[in-house]
Each structure stands twice: as structure tokens, then as C-alpha cells.
Amino acid sequence: MAFLFIFSYIIIILAVIEISALLFIYTGLDKQIARFQVISMMTGTGFTTGESELILEHPLRRKISAFLILFGAFSLAVIISTISSILSDNLYTKEIGYVVIVLFLMILLLKLPFVREKLVDWLKHNAEEHYDFTDLPIKDVLLTDDDDYISEYPVLEDSPFAGKKLSEIIDPEKDDVVVLYVKRGEITIRKECLSTEIQEGDDIFVYGDKDTIKKIFGDDTEGKEVKKEG
């Protein structure tokens with residue numbers, strides 16, 4: 001019975017990983033990133049990458065992460081305790097089997113298309129309603145439409161923009177583009193960004209219509225797009 005209990009509990013752990021990964025995906029996180037980060041938090045390995053910032057910057061993902069860290073620590077204690085008392089019969093194997101069934105039903109339910117759509121809408125609405133504007137990730141604040149786009153354009157040595165002002169490049173009345181700021185070394189230029197003469201080495205951060213931005217700055221720039229996948 002002890003071995004059956006351990007086997008059943010491992011299934012519960014795998015089910016919790018799957019459910020948590022699905023919830024991360026429904027908040028906009030990429031599938032592969034979601035699964036890797038869930039396993040990392042569950043095992044308490046402390047494996048950190050730039051992708052971990054995608055978890056920390058989202059309020060709902062932080063709550064799921066806190067649960068995974070605590071559940072992972074609890075699960076390790078349960079497994080160690082079970083192995084140490086392997087001869088004990090009172091392991092509640094039947095009850096743990098019910099938990100396995102419930103978790104798998106939850107996974108099947110979460111994978112239904114209409115449930116996914118409803119849950120994605122609810123998670124997005126919940127984040128907007130219950131969290132400060134500054135707590136929300138960039139994609140939930142600015143990338144609300146498929147054509148919304150944020151890009152970083154580096155002014156290279158042969159850039160046609162060097163020596164020009166952004167007001168000569170972008171027409172605020174016609175172009176659906178907003179210059180967020182110009183980064184010049186350690187200096188961030190916001191207030192006077194349109195009237196400031198662009199220099200080689202500057203980084204221009206723009207937001208607006210994707211096609212318009214690519215028309216002005218080009219498709220083959222070395223800029224960095226802020227992707228909607230999170």
C-alpha cells in the first residue's frame with residue numbers, strides 16, 4: 001500500500017504541474033517557458049533566468065508561484081515521511097486516489113476550448129480590476145490590440161536618422177506612433193525626445209501601429225520587439 005501511495009502522490013504532483021502550467025499559459029506565458037518555470041519552482045531548484053522576470057512582473061503568476069513553492073516543499077516532506085514509514089498501513093491510499101481523479105478531471109476541464117476562453121478573459125479582467133496599474137505587465141497595459149507594437153530601434157553608425165530630430169521623421173498628426181523615450185547611455189530623454197537631435201548610439205523606444213513603425217524604421221532593424229506571448 002505504501003508504494004501505491006507514493007505512486008499516487010507522484011501522479012498528484014504531475015497533475016499539479018500540468019494545471020499550474022495551463023494557468024500560466026492562460027495568463028499569456030509561452031507554453032515551454034510556463035512548464036519549465038513550474039517545474040523549477042516545484043522542485044525548489046532556484047534555477048533563475050531572464051524568463052523568471054515574466055513570472056515576477058505578473059501579480060497572478062506570483063500567487064501561483066507562491067503556491068507551487070509551498071506545495072513543492074510539502075510534497076518533498078510527504079514523500080520522505082512515507083518512505084521512512086514504509087511499513088505503515090495507514091497511508092490513506094483510497095483518499096489519495098480520489099484526489100488523483102479530481103485533479104485529472106480538472107486538467108481535462110481546463111483543456112476544453114470554451115473553458116480556456118472563459119478563464120483567459122476572467123484572469124485578464126481579474127488582473128485589471130484588483131491590481132494596481134503599475135503591477136500589470138507591459139503586454140496587458142499597452143498591447144491590447146493585434147496591431148499594437150513596442151520596439152527598440154538602435155541608431156547605428158550608418159543610420160539615416162543620425163543627426164535628425166524625431167519630429168522630422170515622425171508626424172504626430174498622421175503617424176500612429178508614439179516615441180516613449182530615447183536612451184543615450186545612462187541618460188533617458190522623454191520630455192524633449194521629439195526635438196532632440198538623434199545621435200549615433202542612441203536607442204529609440206517607440207509604441208504604436210506595427211505596420212507604421214516598420215514603415216518608418218524598417219523591417220530589417222536590429223530592434224527588439226516586445227512580444228505578446230509574455
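Glu18 counts as buried in this predicted model, because its relative accessibility is 15%, below the 20% cut-off for that label. The structure holds 3 salt bridges, listed here.

| Pair | N to O distance |
|---|---|
| Arg35 and Glu18 | 2.8 Å |
| Lys111 and Glu18 | 3.4 Å |
| Asp202 and Arg184 | 2.8 Å |

Let's look at who the partners are. Arg35 sits in helix α2 and Glu18 in helix α1, 17 residues apart. Arg35 is partly exposed, with a relative accessible area of 27%. Lys111 lies in the loop between α5 and α6, 93 residues from Glu18, and is also partly exposed, at 49%. The remaining pair ties together parts that are 18 residues apart in sequence, since Asp202 lies in the loop between β3 and β4 while Arg184 belongs to strand β2. Asp202 counts as buried, with a relative accessibility of 2%.

Although 92 residues separate Leu110 from Glu18 in sequence, their C-alpha atoms are 10.0 Å apart in space. Leu110 counts as buried because its relative accessibility is 11%. Leaving aside residues up to four places away in sequence, Leu110 touches Ile19, Leu22, Tyr26, Val115, Arg116 and Leu119.

Helix α5 also holds Leu105, which is exposed, with a relative accessible area of 53%. Together with Tyr98, Ile101 and Leu108, Leu105 forms a nonpolar patch on the surface, with about 450 Å² of accessible area in total.

What about the interior? The largest nonpolar core has 34 residues, and Tyr9, Ile12, Phe24 and Leu68 have the most contacts inside it.

Finally, back to helix α2. Its 13 residues should span 18 Å at 1.5 Å a residue, and the end C-alpha atoms are 19 Å apart, so the two values agree. The buried residues of α2 are Ile33, Ala34, Gln37, Val38, Ser40, Met41 and Met42. After α2 comes Gly44, whose phi is positive, near 65°.

Methods:
Residues are numbered from 1 along each chain as its sequence is written. This is a predicted model: local features need pLDDT of at least 70, side-chain atom pairs count only at pLDDT 80 or more; totals for chains, interfaces and linings use all residues. Side-chain values use heavy atoms; hydrogens and water are left out. Buried means under 20% relative accessible area, exposed over 50%, partly exposed in between (1.4 Å probe, protein chains only). Contact means heavy atoms within 4.5 Å. Helices (H or I, at least four residues) and strands (E, at least two) are DSSP runs, numbered from the N terminus. The expected span of a helix is 1.5 Å times one less than its number of residues. A nonpolar core is a set of buried Ala, Val, Leu, Ile, Met, Phe, Trp, Tyr and Cys residues joined through side-chain atoms within 4.5 Å. Patches are made of residues with over 30% relative accessible area and no salt bridge: like charges are joined within 9 Å, nonpolar side chains (Val, Leu, Ile, Met, Phe, Trp, Tyr) within 5 Å. Accessible areas come from the Shrake-Rupley method with a 1.4 Å probe; for residues, only the protein chains shown count as cover. A salt bridge is a side-chain nitrogen of Lys or Arg within 4 Å of a carboxyl oxygen of Asp or Glu.
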